Amino acid sequence: MRSSHSYSKRELLDSCLRQFFYEYYAAAKKLPFDPERKAVIRELKEFTGVYLLAGEKLHWFIEQYLKKGMTSQLWAEHTCLAAFDLAVNYSRDPEGNAGLRDAKYPPPMLLEFYYGDPRAEELAGKAREALRGGIQRFLANGPIKGLWTEIKAGEHFVEQRVGGLPKFDGFGIEGQIDLVGRDSSRVRVVDWKLGRNGESHDSLQMLIYGLWAEKKFQVDPTSVTARRVFLGDGTLEAEHALDRAQMAVGRARLLQDIELMKELDPYGRAGIEEAFSPCHRQNECRQCKYQGICPDNQSGLAPRQTSVSLTVLPSRV
Ligand code: SF4
């Protein structure tokens, strides 16, 4: 595993260390692990969930629209909804649609269908509606449209990769910022969310915005403000300014994550699955790509049997 910290690593460190092991160690070609299970894990790594896919497509739509302008709207909207529908159709019947795997952009398998979640159809329908509604709110909700129109009129960056930041304890920081605008007094960050208004601001994410702005524009990190736009219900959050106290909390959190990754690294490199505690939480397991391979899975679901070699799981562990 690369010595880096990213939001996706952080999410897995928080939710389930075992899943972290499968994603970053067991799936790696060069690291030791039971070859039969490794082959399956490498296939499972490509799976996604209906809400993750809808969120990814919504970000893609917004990126296209902001970069290419309104003439791209119909094309981008059609393309992202069609890609979502294709993944659902494929996942409903991977054997009948086996030819799609040879397509230029093969659809991903959706884990809710693969693992026979009884709510798969319902969840897929809701995720599609969230995607469709999210696009509409982005385009037509007055305050939301006002925000991106104003930012787009000035110096701005869309889907900006975070790179080149100073290392923390030997670890680089990776990330992506959805939309950034800069004017004479501040750097404004916008974070699109598929869901509805809920959690508080993430101090680590705020720290990363601040460090990136400092490097990119040579400004004080406290000139950064961030706001999240919840496209699931059209909530435009109040602007939130980064302050020194929040930076200190973010730094502490980052160093804790890095310490944990360093501690676990030798076990991961040696392929010792048991060193990574399973979460034992049904909700978490139901959204986990690796539930079919994890001996501590609590999802209560069983993978559908398929006659194609998509992912022929070894006998249930
Ligand atoms: S099935 Fe559950 S315990 Fe196992 S890796 Fe996934 S989330 Fe963790």
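Helix α2 buries Leu17, Arg18, Gln19, Phe20, Phe21, Tyr22, Glu23, Tyr24, Tyr25 and Ala26. Buried means under 20% relative accessible area, exposed over 50%, and partly exposed in between, with a 1.4 Å probe and protein chains only. Helices (H or I, at least four residues) and strands (E, at least two) are DSSP runs, numbered from the N terminus. The model is predicted: local features need pLDDT of at least 70, side-chain atom pairs count only at pLDDT 80 or more, and totals for chains, interfaces and linings use all residues. Residues are numbered from 1 along each chain as its sequence is written, and side-chain values use heavy atoms, with hydrogens and water left out.

Stay with α2, residues 17-26. Because 10 of its 10 residues are buried, this helix is largely enclosed by the rest of the structure. Its buried residues pack against α1, α3 (35-44) and α10 (244-269). Contact here means heavy atoms within 4.5 Å.

Arg18 sits in α2. Its relative accessible area is 5%, so Arg18 is buried. Leaving out residues up to four places away in sequence, Arg18 touches Glu273, Glu274, Phe276, Ser277, Pro278, Cys294, Pro295 and Asp296. Arg18 and Met261 lie 243 residues apart in sequence, yet 13 Å apart in space, C-alpha to C-alpha.

Now step back to helix α1, residues 7-15, which holds Ser15. Ser15 counts as buried because its relative accessibility is 15%. Setting aside residues up to four places away in sequence, Ser15 touches Cys279, Arg281 and Glu284.

Next come the strands. Strand β5 covers residues 187-193; 6 of its 7 residues are buried, so the rest of the structure largely encloses it. Two strands pair if DSSP finds at least two bridges between them. Strand β4, residues 175-182, runs antiparallel to β5 and is joined to it by 4 bridges. A hairpin links β4 to β5 through 4 residues. Arg182 has Val187 in β5 as its bridge partner.

On to strand β6, residues 224-230, which pairs with β5 in the parallel sense over 7 bridges. Val187 has Val224 in β6 as its bridge partner. Trp192 is partnered with Val229 in β6.

How many of the 7 residues of β6 are buried? The count is 7 of 7, and β6 is mostly covered. In a regular strand the side chains alternate between the two faces of the sheet. Val224, Ala226, Arg228 and Phe230 point one way from β6, while Thr225, Arg227 and Val229 point the other way; all are buried.

With strand β7, residues 235-236, it runs antiparallel, joined by 2 bridges. Val229 stands opposite Leu236 in β7. β6 and β7 form a hairpin with 4 residues between them, and Gly234 in the turn has a positive phi of about 80 degrees. Strand β8, residues 240-241, also pairs with β6, in the antiparallel sense over 2 bridges. There Ala226 stands opposite His240 in β8.

Most residues other than glycine have a negative phi, and most peptide bonds are trans. Glu159 has a positive phi of about 45 degrees although it is not a glycine. Glu159 belongs to strand β2, residues 155-162. Glu159 is buried, at a relative accessible area of 16%. Gln218, also other than glycine, has a positive phi near 50 degrees. Gln218 lies in the loop between α9 (203-217) and β6. With a relative accessible area of 66%, Gln218 is exposed.

Finally, the whole chain. It has 11 helices and 8 strands. Buried residues make up 51% of its 317 residues. Along the principal axes, the C-alpha atoms fill a box of roughly 60 × 45 × 30 Å. Among contacts between residues at least 6 apart in sequence, 66% join residues at least 24 apart.
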